[in-house]
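Biologist: I am new to this model and would like each term to be set against its definition. May we begin, and which part shall we take up?

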Amino acid sequence: MKLRSIELSLPGAAEAAAFLTDIWGMAPAAVEGATHYLRGSGSYPYLVALEESADCYVRSTTFVCTGNRLEQLKASVSAAGLVAAPVVSEDPGGGHGIIVELAEGELLRFLVDADEVAPIEGHDLPVKLTHVVFNSADAEMTGHLVEDALGFRVSDRTKGMVFVRCNDSHHSTAFARAGISSLNHIAFEMEDLDAVMRGIGRLRDSDLVPAWGPGRHGPGANVFAYFIAPFGPVIEFSTAVNKVSDDYQAGEPDDWTWPAGRIDQWGISTKDFDGLRAAEEKFRHRRDWEAQPLDVLTEGNI
Ligand SMILES: [Fe+2]
């Protein structure tokens, strides 16, 4: 199971795409109708889809998995009683699978048979998405839900977040204890620490400074630099998140505390709490499809 892409709708999709290519450092992948697709250096056909719309919202966050894993998901999602539907992707790469709505409206799409593309060169390109984080009214509940209904695993709990993995990367998603349900941020995996720092410099050339960072997180130990994108959401340069084993012991909030005055391992970062919070409230979840039964394989129809 791997995180692949996020699909957003927003006003000014072309301007947002121009920011992500000209300043943030992505490469254009395709424009289809009113949707701009942007890619990184890795093998996914795109990482971010930006669909022109009157409103800002998240259409889906897409994972790719094997056929066996998809069959498990269909069974566990149906057993959990979640709103879901079969889906055929019309985005670059195609593929088919299911889309699922979690309890607070988060929309996760799981695809199989999605095509990949040849990697491209460019040491300032993001490689891929490393995590997409959501705000939750009840992050603890959602952490349990994704374990039960999706087979994900909680890696760590802190005072602010429930970190969740779907492979050996410490987290591919997380749910922030935020009191609201929305997109918290999108994190791009950079080639290395230098690529993160060059990214900060590139944004500085356009008079944009980090809203938090640079720094190194506690859980996952990844390097980070968060920005409030001109088109609204919080986006992050990141690198070097920890790999964890199946028997990783999930930490609890008391295991993850900082000395007074510190909010990262290096002790150098400052954080624009108010600015970040305002940006996190902009992209909510919006489901534009109806629930349909999933074609769950049982002994009777295998
Ligand atoms: Fe992050």
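Biologist: How do you know that strand β7 and β8 are joined, and in which sense do they run?

Modeller: Strand β7 (residues 96-101) and β8 are joined by 6 bridges and run antiparallel. Two strands pair if DSSP finds at least two bridges between them, so β7 and β8 with 6 bridges count as a pair. Strands here are DSSP runs (E, at least two residues), helices likewise (H or I, at least four), numbered from the N terminus. Isoleucine 99 has arginine 109 of β8 as its bridge partner. The hairpin of β7 and β8 has 5 residues between the strands, and glycine 105 in it takes a positive phi near 95°.

The model is predicted: local features need pLDDT of at least 70, side-chain atom pairs count only at pLDDT 80 or more, and totals for chains, interfaces and linings use all residues. Residues are numbered from 1 along each chain as its sequence is written.

Biologist: In which sense do β5 and β8 pair?

Modeller: β5 and β8 pair in the parallel sense, over 4 bridges.

Biologist: Why is strand β3 called largely enclosed by the rest of the structure?

Modeller: A residue is buried if 20 or more other C-beta atoms, placed from the backbone, lie within 10 Å of its own, exposed if 12 or fewer, and partly exposed in between. In strand β3 (residues 35-39), 5 of the 5 residues are buried, so the strand is largely enclosed. Both faces are covered: Thr35, Tyr37 and Arg39 are buried on one side, His36 and Leu38 on the other. Strand β8 (residues 107-112) is mostly covered, with 5 of its 6 residues buried.

Biologist: How many bridges join strand β2 to β3?

Modeller: Strand β2 (residues 27-32) runs antiparallel to β3 and is joined to it by 5 bridges. Valine 31 has histidine 36 of β3 as its bridge partner. There are 2 residues between the strands of this hairpin, where glycine 33 takes a positive phi near 60°. β3 also pairs in the antiparallel sense with strand β4 (residues 48-52), over 4 bridges. In that pairing threonine 35 stands opposite glutamate 51.

Biologist: In the open sheet of 8 strands, what is the order?

Modeller: The order is β10-β11-β12-β9-β13-β16-β15-β14, with mixed pairing. β10 (153-157) and β14 (212-216) stand at the edges: each has a single partner strand, so one side of each is left without a neighbour in the sheet. Neighbouring strands are turned by 20° against each other on average, direction ignored. Inside the sheet, 4 bridges join strand β11 (residues 161-165) to strand β12 (residues 173-177), which run antiparallel. Methionine 161 stands opposite alanine 176 in β12.

Biologist: Where does helix α3 touch the sheet?

Modeller: Helix α3 (residues 139-150) touches β9 (128-136), β10, β11 and β12, and its direction makes about 10° with that of β11. Contact requires C-beta atoms, placed from the backbone, within 7 Å. The angles run from 0 to 180 degrees between N-to-C directions of lines fitted to C-alpha atoms, for helices over the stretch in contact. Helix α5 (residues 273-280) also packs on the sheet, and its direction makes about 70° with that of β15.

Biologist: What makes aspartate 113 partly exposed?

Modeller: Aspartate 113 has 13 C-beta neighbours inside 10 Å, so it falls in the partly exposed class. Aspartate 113 lies in the loop between β8 and β9, and its phi is near 60°, a positive value in a residue other than glycine.

Biologist: Why is aspartate 207 called exposed?

Modeller: Aspartate 207 has 6 other C-beta atoms within 10 Å and therefore counts as exposed. Its place is in the loop between α4 (193-204) and β14, and its phi is positive, about 65°, although it is not a glycine.

Biologist: Which peptide bond is cis?

Modeller: The bond from glycine 213 to proline 214 is cis, with omega near 5°. Proline 214 is in strand β14.

Biologist: How many residues of domain 1 are in contact with domain 2?

Modeller: The domain assignment gives domain 1 (2-112) and domain 2 (128-282), its bounds coming from an automatic or database assignment. In this division, 30 residues of domain 1 are in contact with 29 residues of domain 2.

Terms used
Two residues are in contact if their C-beta atoms, placed from the backbone, lie within 7 Å.
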